[in-house]
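Here is a short briefing on charged side-chain pairs. Have the sequence and the 3D view open as you read.

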Amino acid sequence: MTPLKKVLAGAAAASLTVVALAAASAPPPAEATTARTPATVVEKLTGPDAPNNTWGRWDIKSTDLGIMWDDGRGHVLTAFGDTFGNAWVGPGGGAPPNGNWRSNVLVRSSDAELADGMLFDWAAQGPDGYARQIIPSKKIDGDEITTIPTTGISVGKRQYLGFMSVRKWGPPGMWDTNHAGIAYSDDGGSTWKVSDTRWENPDGDDPFQMQAWVQKGGTIYVFGTQNGRNGPASVAKVPAKKLLDEKAYRYWDGKRWSKDESAAVAVMDAPMSEMSVRYDTYSKRYLMMSLVGEDIVMRTAKKPEGPWSPAQTVASSTDYPALYGGYFHPWNKDGEIYFTMSQWNPYNAYLMHLRIDRQGNIVDPNLVADASFERSDVLGDGSGGTWGAKPNSGIDTSPAAGFTGDRRAFVRYNSGWRDIWQDVAVERNTHYRVTGFLRTSVNSDNGFFGARTLDGTPIGEVNFHSVGAWTRFAVEFDSGDHDAVQVFGGVWTNSGDIWMQLDDVSLTKVP
């Protein structure tokens with residue numbers, strides 16, 4: 001972590017508050033699948049406990065999605081959707097009185113060291129210093145309730161931002177849009193103008209209401225879905241310099257590129273939503289991340305029109321309840337893939353990581369089972385893919401204690417050693433990294449996190465003391481002649497009642 005990141009982490013800890021339950025304006029997705037999550041959490045990007053301290057700096061306490069693109073000037077711009085300030089209490093979206101509701105906000109980063117997180121160094125601000133709304137919205141239910149970004153790109157010195165004008169929210173996974181539109185900025189994102197370019201949606205079935213853009217050479221490929229989360233995906237193309245010229249678009253009709261949008265056919269079957277597409281030079285393939293059902297998945301193709309590969313699960317909603325919106329970081333390279341994931345509760349965005357091979361297949365996934373403690377109500381004995389713990393330990397479901405999702409593990413005691421552990425199979429003589437997020441009571445003075453042999457001998461560990469806000473710890477080690485290790489975290493409790501909470505643990509190979 002860079003010095004500036006450490007400063008911001010301290011600022012985030014100082015602004016930590018309790019988040020209580022409240023009614024939300026729209027429900028989260030439906031029940032989860034049982035797929036395993038190969039991706040790992042790198043950092044909470046927004047809201048309480050986020051090292052960026054977006055709450056204290058710009059009144060971004062809770063926010064939606066996380067659309068990223070390279071601005072062509074050495075920065076990455078990130079546009080968030082519905083955003084709420086200090087009065088927000090959650091879970092989920094919803095505008096409380098004096099909640100400083102903005103339909104969209106924009107931040108910027110020049111951080112290229114993503115392994116330890118992503119630093120935001122600028123936001124489009126209003127006179128009050130808060131992040132301001134960059135695309136107008138009426139905020140009238142049944143007319144235009146909000147305007148949410150779905151994609152962004154830079155062409156020359158101009159920034160473009162695709163968005164959907166939402167008329168009203170419906171049942172889970174359903175909403176009605178008025179149109180999809182494009183805004184642009186000629187001053188690096190400080191100010192924006194909404195263009196006349198639109199995809200109207202009078203009958204509710206226009207296939208380009210949520211868009212994803214990717215540029216290859218001088219062409220921008222425009223992927224689209226209908227409003228809601230239940231439609232297929234289609235694709236169009238347009239010369240990069242004519243992105244605002246509706247007559248320049250050509251839509252894939254299954255055989256050729258047509259001038260007629262109504263001729264567009266599905267290149268991926270329903271249900272598809274919240275797409276993000278990048279051309280990956282490492283695998284020489286287009287990568288598409290999207291929400292399918294309740295999980296974030298990834299597909300690959302050598303051509304925008306396909307054929308597209310079967311879906312690979314990236315993040316399961318069993319591990320991250322009510323997740324949505326997987327959006328690629330534009331500076332991914334050498335098979336290292338970073339992306340944003342959003343969760344309805346705690347209604348914020350996270351930086352995630354996974355690794356792919358030359359064929360675009362996910363490799364070296366997280367080896368820890370139930371990494372986010374969402375799959376069980378109790379802790380077991382640590383074997384067979386379960387977490388182990390001694391008495392006075394368990395699963396915490398208090399909303400105020402959340403990092404990701406609904407649950408995390410805890411130990412609490414007043415005398416001796418208390419820890420949480422899991423036996424994990426590994427390859428011999430292989431380099432690994434174990435990471436986890438933890439926090440402790442203020443009187444904690446001696447704790448350890450890392451990996452040990454099955455008989456309890458440490459292989460690699462870090463010592464921690466009082467940890468106020470959720471903090472990421474990482475330890476690298478060599479497995480030596482062991483084919484299994486114990487991932488663990490615990491505290492010595494020799495000075496009164498002490499507790500530790502642990503969440504989002506990972507064990508992955510180090511390339």
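A salt bridge here is a side-chain nitrogen of Lys or Arg within 4 Å of a carboxyl oxygen of Asp or Glu. By that rule, Glu336, Arg355 and Asp364 are linked in a network of salt bridges. The structure holds 16 salt bridges.

This is a predicted model, in which local features need pLDDT of at least 70, side-chain atom pairs count only at pLDDT 80 or more, and totals for chains, interfaces and linings use all residues. Residues are numbered from 1 along each chain as its sequence is written, and side-chain values use heavy atoms, leaving out hydrogens and water.

**The pair Glu336 and Arg355**
- Glu336 and Arg355 meet through their side chains at 2.8 Å, N to O.
- Glu336 sits in strand β20 (residues 336-343) and Arg355 in strand β21 (residues 348-356), so this pair ties together parts 19 residues apart in sequence.
- Strands are DSSP runs of E, at least two residues long, numbered from the N terminus.
- Both Glu336 and Arg355 are buried (under 20% relative accessible area, with a 1.4 Å probe and protein chains only).

**The pair Arg108 and Asp121**
- A salt bridge joins the side chains of Arg108 and Asp121 at 3.9 Å, N to O.
- Arg108 belongs to strand β4 (residues 105-109) and Asp121 to the loop between β4 and β5 (122-123), so the pair ties together parts 13 residues apart in sequence.
- Asp121 is partly exposed, at 35% relative accessible area; partly exposed lies between buried, under 20%, and exposed, over 50%.

**The pair Lys138 and Asp143**
- Lys138 forms a salt bridge with Asp143, their closest N and O atoms being 3.4 Å apart.
- Asp143 is partly exposed, with a relative accessible area of 32%.

Technical notes: Helices (H or I, at least four residues) and strands (E, at least two) are DSSP runs, numbered from the N terminus.
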